[in-house]
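Subject: Structure handover and notes

Dear colleague,

Please find below the structure that I promised to pass on to you.

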Amino acid sequence: MQANQVRQFVERYLAAFSAHIVETHPDYLTVKLPVEVDKDIGNRPFYWSWVEKMNLAYQPLVLTFAFHPDRMPDGLRVEHLHLGAMRMQQIFASAKKHGRFLCMYEKNTASLPGAGKRRSTPLVPWLGLNLKVSLICDKRRDIMLYLGINLHQPRLVHDFASFLFQLPLSPTIPDYFYTLDRKLSVEEAVELAKQEVDAVIAQEDQQWAMEARARLSEELDILAAYYEELARREPPAEQDKSESAEAADAPAEKAPIPLPVGATVQAREPVVEAQQSLDEYRSSGGRILDFLRANSIQETPREEINQEEWKKSTPEEEKQRRMDELRWQYEPRIEVHFINGGLFYLHSTPPAEKAHPAKTMRHLPASRRMM
């Protein structure tokens, strides 16, 4: 995203929450954050916990965002917003959190009745779902699906998001409009979308999965050959023989020499050293820390490591672990992720598809091509 695109996104994000813009400038933007935005990007969790617990008045947070690093204003506390900034990532997360589901109404002024006609216009309920189908192996391909499902007269259309971008939408129902009843529940519409996703996946060429399994089989054969060669060169029997040979070559401990009968051993008197003072110890070149250790501080014994818990992995265990890693990397799988969706009440009708979605990559519409 370029600097102008970042600014457009931030302005749309703030406008969605009706944020108060204090000052706008070609180089920066000063805004007073509303409550929802402050909780998401203000980084004041302790402040909000205190305000909500004590039921205090909210003090809005005022921030100034700059979008061009070479045109930062002087004398203002400005934060540079760019694609990799932490605050920008918080804005993305907040937009995803609050914009995952929505309800919008078409505000089509062309269909409004005249001044003398007080006739209402119906709005048809549509369920819009934006999905991402991922074909995953050691490579990855994504298919974006923008599905629209008519809940009044059940039917499904593709590329529904592009159609919505052309309509004037409002979060409140306009005057002289009313909504039709839903003959299809949301759960039934979701099941219809699942069937369509299965149909799209079934039309995809399965060559990618066959090639992935072939690469997996090749990698597993190479891994098996490696460990077979490793076992042939270093058999465990040789290691046991070397350990027994080292034990045999180790010198035996000398037996104690017995004393003659009637002989006694005189015990040596312990030598008592004169206690030195700290000044004497320092004058002789000793360190204060050594003196304290010798007289008062006791060293904490190190914790003994239980060698039985530190076991080296066997070749079979290591081989199995690497085989599991290869299967996780190469095994083909399909994942479907829900991006966002909403309920739309429309007066306009999406264009009917002339044919079923194309089977090949070349004929896929722009919204469903592999990313």
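This is a predicted model: local features need pLDDT of at least 70, side-chain atom pairs count only at pLDDT 80 or more; totals for chains, interfaces and linings use all residues.

Residues are numbered from 1 along each chain as its sequence is written, and side-chain values use heavy atoms, with hydrogens and water left out.

**The chain as a whole**

The chain holds 11 helices and 11 strands, where helices (H or I, at least four residues) and strands (E, at least two) are DSSP runs numbered from the N terminus. Of its 371 residues, 29% count as buried; here buried means under 20% relative accessible area, exposed means over 50%, and partly exposed is what lies in between, with a 1.4 Å probe and protein chains only. If we take the contacts (heavy atoms within 4.5 Å) with a separation of 6 or more, residues 24 or more positions apart account for 70% of them.

The chain exposes about 27000 Å², of which carbon and sulfur atoms supply 53%; accessible areas come from the Shrake-Rupley method with a 1.4 Å probe, and for residues only the protein chains shown count as cover. On this surface, Trp50, Met54 and Leu56 make a nonpolar patch of about 320 Å². Patches are made of residues with over 30% relative accessible area and no salt bridge, with like charges joined within 9 Å and nonpolar side chains (Val, Leu, Ile, Met, Phe, Trp, Tyr) within 5 Å. Trp50 itself sits in helix H3, residues 45-54.

**The nonpolar cores**

In soluble globular proteins, nonpolar side chains tend to be buried together. A nonpolar core is a set of buried Ala, Val, Leu, Ile, Met, Phe, Trp, Tyr and Cys residues joined through side-chain atoms within 4.5 Å. The largest one here has 25 residues, and those with the most contacts inside it are Val133, Leu145, Ile149 and Leu151. Two or more residues each are given to this core by strand E6 (121-136), strand E7 (140-150), helix H6 (186-203), helix H7 (207-233) and strand E11 (333-346), and the largest share, 6 residues, comes from E6. Leaving aside neighbours within four places in sequence, Leu151 is in contact with several residues, including Pro125, Leu127, Leu184, Ala189 and Leu343. A second, separate core of 19 residues includes Val6, Tyr13, Leu63 and Leu81.

**Salt bridges**

Side chains of opposite charge can pair when their charged atoms come close. If a salt bridge is taken as a side-chain nitrogen of Lys or Arg within 4 Å of a carboxyl oxygen of Asp or Glu, the count comes to 13.

Arg7 and Glu11 meet in one of them (2.9 Å, N to O), and both lie in helix H1 (residues 3-16), 4 residues apart, or about one turn of the helix. Arg7 is buried, with a relative accessible area of 13%, whereas Glu11 is partly exposed at 35%. Another salt bridge joins the side chains of Asp38 and Arg44 (2.5 Å, N to O), and Asp38 counts as buried at 0% relative accessibility.

The side chains of Arg215 and Asp138 also meet in a salt bridge (2.8 Å, N to O). Because Arg215 lies in helix H7 and Asp138 in the loop between E6 and E7, this pair ties together parts that are 77 residues apart in sequence. Both count as partly exposed, Arg215 at 23% and Asp138 at 30%. Finally, Glu229, Arg232 and Arg233 are linked in a network of salt bridges.

**Single residues to look at**

Gln90, in helix H4 (residues 86-98), counts as buried at 18% relative accessibility. Its side chain makes a polar contact with the side chain of Asn43 (2.8 Å), where a polar contact is a pair of N or O atoms within 3.5 Å; within protein, one must be able to donate a hydrogen and the other to accept it, and residues adjacent in sequence count only if both atoms are side-chain atoms.

Asn55 has a phi near 55 degrees, a positive value in a residue other than glycine, and it counts as exposed at 70% relative accessibility.

With best wishes
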